Amino acid sequence: MEKAWIECGLLEEKINAPTFPDKTFNILDYGAKADDSLFLNTSSIDQAITACHAAGGGKVLVPDGTFYTGPVTLKSNVNLHIEKGGILKFSTDTSLYLPAVFTRWEGVDCYNLRPLIYAYGESNIALTGKGTIDGQASNENWWWMNGNKNYGWTEGMLSQKTEGRPKLLGFEQNKVPLEERVLTAQDLLRPQLINFYDCKNILLEDLTLTNSPFWVIHPLFCENMTVRSVQIISHGPNSDGCDPESSRNILIQDCLFDTGDDCIAIKSTRNNDGRTSFNKPSENIIVRGCKMKDGHGGVVVGSEISGGFRNLFVEDCFMDSPHLDRVIRIKTNTCRGGVIENIYVRNIEVGECKEAVLKINLQYEPREDCQRDFPPVVRNVYLDNITSGKSQYGVFIVGLDDLENVYNIEVSNSRFNNVEKGNSITGAHDVVLDEVYINEMDARDL
């Protein structure tokens, strides 16, 4: 463990936030209007970004006030800065998010609705400031498309479950060429709030991000990224907080997550796409000093993880909510394949969570229609100094019935209190519980 944390320090030295020239481009100077819900500032914001980029970079300023807009595209050397009191509110008119752009949806590469904030192939980009980015998603617009009655969908309505999602998964299973994977607004696959594709040197700092149609922050094929002091509050379906995918060298620090799905979920492609030209692992991710409230998992690996993942460092976090299901979660299955390895976690305080402090599940989504010939491997997972005040399980491992593909798992120096069901470990070997206490009893005696 000590050697791993030394490597973490060396990794952090490689992650450097971008800097920008001291030039400011105020969107008001390009015709923007505040506090007018009937006026879209899309063109004004685009003009300011274009001018900033052409001048060699700097800050595009969104001042105090509420500015309504359509999709925003960032360019290299531009810091889109929303000052305190400034709010960007995105239109819910789906027609504005066409034509479709190159992205990835639940691990499958495709052309889909343009994310609300998008960048492709750019470098030195940032979203900063004490302001707010509001996707304006709700049960009345984006969220009902999930097909869940809790989010505004009712019988007789179409949804992603009947339209785009089976189509998209069919593209992957049938290895359809990328140029033919074009989705429309009628497919009802909601866009991300922020999607950076194949970008380098990225900073997200201080902002509040809320009401996302789908995943909130989705770096894809990105490198050298810092997410610092960001508040992510979005309780819609699939409102994952930050999902680095096929990306490397990322620092997520001092952030607040209060979400309708996983707080942080690391990914690297789904099924066949992860075994073809789209294959690229995620690696080298640091999570430090974060607070997690609601969510399906605090820090998660999977489930779209066919490209594999290595080297996660999580430390000094606080997680607490009756609506937080798990603290550390690894989820995958025999559709995915791949190797998940080198997970290091220390100094985590948990008030309460619903299910488990550590959950490793190799039988996730058992009803998924896919080719199941690719058993995944999970190995080298180490947790130290974890305290929890309430949960159903301490350690909950669901391996494969006929294989022991989960191994080298160690939990040490930890206390889990008010645990209803103790530990449950199946389909794993070389699992070590050292100085672990469940309801004040040594876990080795249970």
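The model is predicted, so local features need pLDDT of at least 70 and side-chain atom pairs count only at pLDDT 80 or more, while totals for chains, interfaces and linings use all residues. Residues are numbered from 1 along each chain as its sequence is written, and side-chain values use heavy atoms, with hydrogens and water left out.

Helices (H or I, at least four residues) and strands (E, at least two) are DSSP runs, numbered from the N terminus. Two strands count as paired if DSSP finds at least two bridges between them. In general, strands of a sheet pair through backbone hydrogen bonds, either parallel or antiparallel. An open sheet of four strands has parallel pairing and the order β4-β9-β12-β15. The edges are taken by β4 (72-73) and β15, each with a single partner strand, so one side of each is left without a neighbour in the sheet. Inside this order, β9 (residues 117-120) and β12 (residues 194-197) pair in the parallel sense over four bridges, and I117 stands opposite I194 in β12.

β26 and β28 run parallel and are joined by ten bridges; Y344 has Y382 in β28 as its bridge partner. β28 in turn pairs with β30 (residues 406-416), in the parallel sense and over eight bridges. There, S388 has F416 in β30 as its bridge partner.

Helix α1 (residues 2-14) has 13 residues and reaches 19 Å from its first C-alpha to its last. That is close to the 18 Å expected at 1.5 Å a residue, where the expected span is 1.5 Å times one less than the number of residues. The buried residues of α1 are A4, W5, C8 and L11. They lie on the same side of α1, because they cover an arc of only 105 degrees around the axis, the arc being that of the directions from the helix axis to the C-beta atoms. Buried here means under 20% relative accessible area, exposed over 50%, and partly exposed in between (1.4 Å probe, protein chains only). The face of α1 turned away from its buried side carries the exposed residues E2, K3, I6 and E13. The cover over the buried residues of α1 includes β18 (248-253), β21 (282-288), β24 and β26.

In soluble globular proteins, nonpolar side chains tend to be buried together. A nonpolar core is a set of buried Ala, Val, Leu, Ile, Met, Phe, Trp, Tyr and Cys residues joined through side-chain atoms within 4.5 Å. The largest such core has 100 residues, and F196 and V287 have the most contacts inside it. Apart from this core lies another, of eleven residues, among them L168, L183, F214 and W215. Contact means heavy atoms within 4.5 Å. Leaving aside neighbours within four places in sequence, V287 is in contact with I252, I264, M292, V299, L312, F313, V314, E315 and C317.

How many disulfides are there? With a disulfide defined as a pair of cysteine sulfur atoms within 2.5 Å, the count comes to one. C335 and C370 form it, their sulfur atoms 1.8 Å apart. The pair links distant parts of the chain, 35 residues apart: C335 is in the loop between β25 (326-331) and β26 (339-350), and C370 is in the loop between β27 (356-361) and β28 (377-388). Both C335 and C370 are buried. C290 counts as buried, at 1% relative accessibility. For C353 the closest cysteine sulfur is in C263, at 12 Å, also too far for a bond. C353 is buried at 2% relative accessibility.

Some backbone features remain. The peptide bond from L98 to P99 is cis, with omega near 5 degrees, and P99 is in the loop between β6 (86-90) and β7 (101-105). The peptide bond from G302 to S303 is cis as well, with omega near 0 degrees; S303 lies in the loop between β23 (299-302) and β24 (309-319). F221 is not a glycine, yet has a positive phi of about 55 degrees. F221 belongs to the loop between β15 (217-220) and β16 (223-228) and is buried, with a relative accessible area of 15%. E440, not a glycine either, has a positive phi of about 70 degrees and lies in the loop between β32 (428-438) and β33 (441-442).
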